[in-house]
Amino acid sequence: MADNRRRRSLFDFLLFSVFLGLACLCLSPIPATAQRRKLRFSVNGEFKILQVADMHFANGAKTQCQNVLPSQRAHCSDLNTTIFMSRVIAAEKPDLIVFTGDNIFGFDVKDALKSINAAFAPAIASKIPWVAILGNHDQESTFTRQQVMNHIVKLPNTLSQVNPPEAAHYIDGFGNYNLQIHGAADSKLQNKSVLNLYFLDSGDYSSVPYMEGYDWIKTSQQFWFDRTSKRLKREYNAKPNPQEGIAPGLAYFHIPLPEFLSFDSKNATKGVRQEGTSAASTNSGFFTTLIARGDVKSVFVGHDHVNDFCGELKGLNLCYGGGFGYHAYGKAGWERRARVVVVDLNKKRKGKWGAVKSIKTWKRLDDKHLSVIDSQVLWNNSAKKLVVR
């Protein structure tokens with residue numbers, strides 16, 4: 001009982017912090033320049049990203065956990081998701097938190113506004129920049145997908161966007177945008193993006209007659225990605241301090257590509273497959289688009305909660321985040337988890353930082369020690385040259 005009271009106290013504190021921030025936001029809106037603050041590598045040449053996949057947040061302490069051990073069942077709720085997030089943020093101290101969809105589980109949500117605020121409360125309380133995209137369950141309460149994103153972009157410390165201004169008139173979905181990560185301060189690349197992050201709305205369910213199942217990344221989104229990637233390459237190659245090739249990128253969305261079906265626990269580089277890949281019934285060709293551009297080195301998705309593997313196909317890493325939330329289905333005894341990605345810069349002569357050297361990843365488990373598992377290098381610039389297209 002004491003443990004349960006402690007969890008409620010932490011949750012109440014987080015919500016109070018968020019609601020206080022929202023009140024301040026209403027009284028004095030955050031300027032666009034503050035919302036779009038520049039992200040850059042740290043003085044130690046590192047940029048760390050925490051991926052949170054499938055929180056499935058509903059109604060807080062009243063929401064029961066799914067697929068946990070009998071010993072956990074009595075006192076397990078959405079608050080376990082909240083506490084896990086606070087713990088892993090404190091342990092990793094990321095530079096950016098990325099929520100890859102199914103942030104709330106709409107079917108069980110009584111108040112969409114309250115649930116969205118509560119789901120993101122630990123990230124907001126940390127004052128670390130964060131972004132979110134949507135899954136297939138976020139809109140199943142009283143908010144449409146557009147309304148969910150419209151609310152998310154108004155929350156404190158988020159860099160989320162509803163859609164890119166230059167493509168808002170033609171792009172499908174809600175939550176397609178790019179973030180640029182600039183070089184370390186006082187380096188020659190401090191004003192250049194040396195790492196590009198792409199976020200895309202993979203939709204919810206097919207609306208095409210006779211094509212049942214999940215949605216997919218549309219042609220308009222791929223067109224925007226292609227144009228954005230080419231523009232970023234031009235900027236990377238331009239004066240001052242022109243660089244060769246193209247800066248590496250990472251892509252985040254919710255529903256896995258059909259190409260994830262290429263892997264099982266035997267041929268994946270790290271991690272396990274414990275369920276099928278719930279991709280769209282049609283292949284929209286986004287994998288081919290990514291390969292053609294050559295800058296994105298890894299894709300990170302959620303959706304299939306008890307898959308957490310990474311596999312490399314044609315030089316592109318396809319990675320699951322692993323299920324994070326306790327109201328999401330999981331596997332009893334298989335700990336909820338978060339994926340961490342660390343990008344390191346190359347150290348030049350005289351101790352100055354250069355372009356990206358490597359991309360690494362591992363997972364944190366929600367156990368007593370927040371165990372780290374499956375550390376691996378996803379990409380190394382010393383071994384492979386960036387393709388120029």
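His303 sits in the loop between strand S8 (296-301) and strand S9 (310-313), where helices (H or I, at least four residues) and strands (E, at least two) are DSSP runs numbered from the N terminus. Phi of His303 is near 80°, a positive value in a residue other than glycine. At 5% relative accessibility, His303 counts as buried; the term means under 20% relative accessible area, with exposed over 50% and partly exposed in between (1.4 Å probe, protein chains only).

A word on the ground rules: this is a predicted model, in which local features need pLDDT of at least 70 and side-chain atom pairs count only at pLDDT 80 or more, while totals for chains, interfaces and linings use all residues. Residues are numbered from 1 along each chain as its sequence is written, and side-chain values use heavy atoms, with hydrogens and water left out.

Asp374 is partly exposed, with a relative accessible area of 24%. The peptide bond from Lys239 to Pro240 is cis, with omega near -5°, and Pro240 is placed in the loop between H8 and strand S7 (249-252).

Now to the rings. The whole structure holds 18 aromatic pairs; rings of Phe, Tyr and Trp (its six-membered ring) pair if their centres lie within 6.5 Å, and planes under 30 degrees apart count as stacked, over 60 as edge-to-face and the rest as tilted. Here are two of them:

| Pair | Type | Centre to centre | Angle between planes |
|---|---|---|---|
| Phe84 and Phe324 | stacked | 4.3 Å | 15° |
| Phe225 and Phe286 | edge-to-face | 5.6 Å | 85° |

Phe84 lies in helix H4 (residues 78-92) and Phe324 in the loop between strand S10 (316-320) and strand S11 (337-347), so this pair ties together parts that are 240 residues apart in sequence. Both Phe84 and Phe324 are buried. Phe225 in helix H8 (residues 219-237) and Phe286 in helix H9 (residues 286-293) are 61 residues apart. Phe225 has a relative accessible area of 0%, and Phe286 one of 1%.

Elsewhere, Tyr177, Phe199, Tyr252 and Phe300 form one aromatic cluster. Arg337 lies over the face of Trp334, at 3.5 Å from the ring centre; such a charge needs NZ of Lys or CZ of Arg within 6 Å of the ring centre and within 35 degrees of the ring normal.

For the chain as a whole, there are nine helices and 13 strands, and buried residues make up 57% of the 389 residues.
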